[in-house]
Amino acid sequence: MSASEPTQDVVRITIDRTLLRGVAVALSAGALLAFTGAFGMTELPLVSRLAYWLPVMLIGALWGHVCSRLIERHIDMDQRPWLTVVALTLLISGPLSAAVWAITGLSFNEGQTLFLAQLPEFFLPVLVVTGALSALNVFLARTPVQTHAAPAGAKPARFIDRLPVRLRGAAIRAVQSEDHYLRVHTDRGSDLILLRLSDALTELEGLEGAQTHRSWWVAKDAVRDVSRGDGRATLTLEGGIEAPVSRRYARALRDAGWY
């Protein structure tokens with residue numbers, strides 16, 4: 001099979017790190033809103049507030065994850081984090097306002113939806129909460145995922161099992177995202193597998209490396225040189241592969257001794 005043809009592989013179901021983080025942030029915010037009695041809910045019992053806010057925030061997190069996937073196709077979050085926050089906030093807030101309007105009516109209006117004229121009243125509060133959570137999620141994501149070498153006697157990284165037969169036993173130098181596929185660069189050449197980078201990062205634990213860009217993971221021992229220009233860094237790997245380092249991750253990688 002040529003390096004340009006995708007290798008058919010068994011797709012394993014793994015938990016998306018960004019989804020987990022978004023859900024955790026949303027539920028924490030929901031608990032905070034419930035405990036503080038935000039938006040005039042201080043008169044309600046705490047159980048009622050939790051029963052309202054936690055599902056609302058969970059729905060928001062799931063819808064926000066979908067919106068994030070859509071936006072990352074058009075906006076480079078590495079270079080324009082604040083534009084990403086604004087775009088996320090606007091895209092999420094409209095449909096979510098309608099959902100909150102409906103849930104509020106069903107929860108506190110004897111199981112009936114509120115009047116349609118009341119719908120605009122929900123947009124500003126939803127916009128404020130969504131903006132704050134979008135900013136948290138975008139800037140929390142600015143720390144690169146780092147993977148670590150497996151200790152002696154431990155099982156090797158699960159990602160190794162995904163390599164096609166011709167690359168089994170090869171040293172992995174980098175993993176590069178290409179649409180819905182990953183190009184795996186090794187000392188025996190490269191090939192494509194069907195997997196998302198966010199899922200691969202979990203399975204690469206056991207190999208010493210780090211995410212250097214939203215589309216790249218690099219093995220630390222493959223780095224041979226680093227060049228800087230136009231405010232960015234580029235890693236030259238063994239075999240002449242060049243991997244970008246986004247500004248988003250540059251400081252954390254520098255602090256970790258990558259260059």
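Some conventions to start. The model is predicted, so local features need pLDDT of at least 70 and side-chain atom pairs count only at pLDDT 80 or more, while totals for chains, interfaces and linings use all residues. Residues are numbered from 1 along each chain as its sequence is written, and side-chain values use heavy atoms, with hydrogens and water left out.

I begin with the salt bridges. The criterion is a side-chain nitrogen of Lys or Arg within 4 Å of a carboxyl oxygen of Asp or Glu. Over the whole structure, the search finds 6 of them. As background, side chains of opposite charge can pair when their charged atoms come close.

One of the salt bridges is between Glu-203 and Arg-162, at 2.7 Å from N to O. Glu-203 sits in helix α5, residues 197-203, and Arg-162 in the loop between β2 (146-147) and β3, so this pair ties together parts 41 residues apart in sequence. Buried means under 20% relative accessible area, exposed means over 50%, and partly exposed is in between, with a 1.4 Å probe and protein chains only.

Next, Arg-173 and Glu-238 form a salt bridge at 3.7 Å, N to O. Arg-173 belongs to strand β3 and Glu-238 to the loop between β9 (232-237) and β10 (242-245), so the pair ties together parts 65 residues apart in sequence. Arg-173 has 14% relative accessibility and therefore counts as buried. Glu-238, at 34%, counts as partly exposed.

Glu-238 also meets Arg-224 in a salt bridge, at 2.9 Å, N to O. That pair again links distant parts of the chain, 14 residues apart, with Glu-238 in the loop between β9 and β10 and Arg-224 in strand β8, residues 223-229. Through shared partners, the salt bridges join Arg-173, Arg-224 and Glu-238 into one network.

Now the second largest pocket. A pocket is found on a 1 Å grid over the protein atoms alone, as an open set of points where a 1.4 Å probe fits, with protein on both sides within 12 Å along at least five of seven lines; lining residues have an atom within 4 Å of a point. Its volume is about 160 Å³, the volume being the space filled by probe spheres set on the points, which are joined across faces, edges and corners.

Leu-27, Leu-58 and Leu-62 make a nonpolar patch of about 220 Å². Patch residues have over 30% relative accessible area and no salt bridge; nonpolar side chains (Val, Leu, Ile, Met, Phe, Trp, Tyr) are joined within 5 Å and like charges within 9 Å. The areas come from the Shrake-Rupley method with a 1.4 Å probe, and for residues only the protein chains shown count as cover. Leu-62 lies in helix α2, residues 46-71, and is partly exposed at 43% relative accessibility.

Then the backbone. Most residues other than glycine have a negative phi. Phe-39 has a positive phi, near 55 degrees. Phe-39 is in the loop between α1 and α2 and is partly exposed at 48%. Asp-179 also has a positive phi, of about 55 degrees. Asp-179 is in the loop between β3 and β4 (181-186) and is exposed at 75%.

Last, two buried helix positions. Ala-34 is in helix α1, residues 17-36, and is buried at 0% relative accessibility. Thr-130 is in helix α4, residues 120-140, and is buried at 6%. Thr-130 and Leu-90 are 40 residues apart in sequence and 8.6 Å apart, C-alpha to C-alpha.

How values were computed:
Helix = DSSP H or I, 4+ residues; strand = E, 2+ residues; numbered from the N terminus.
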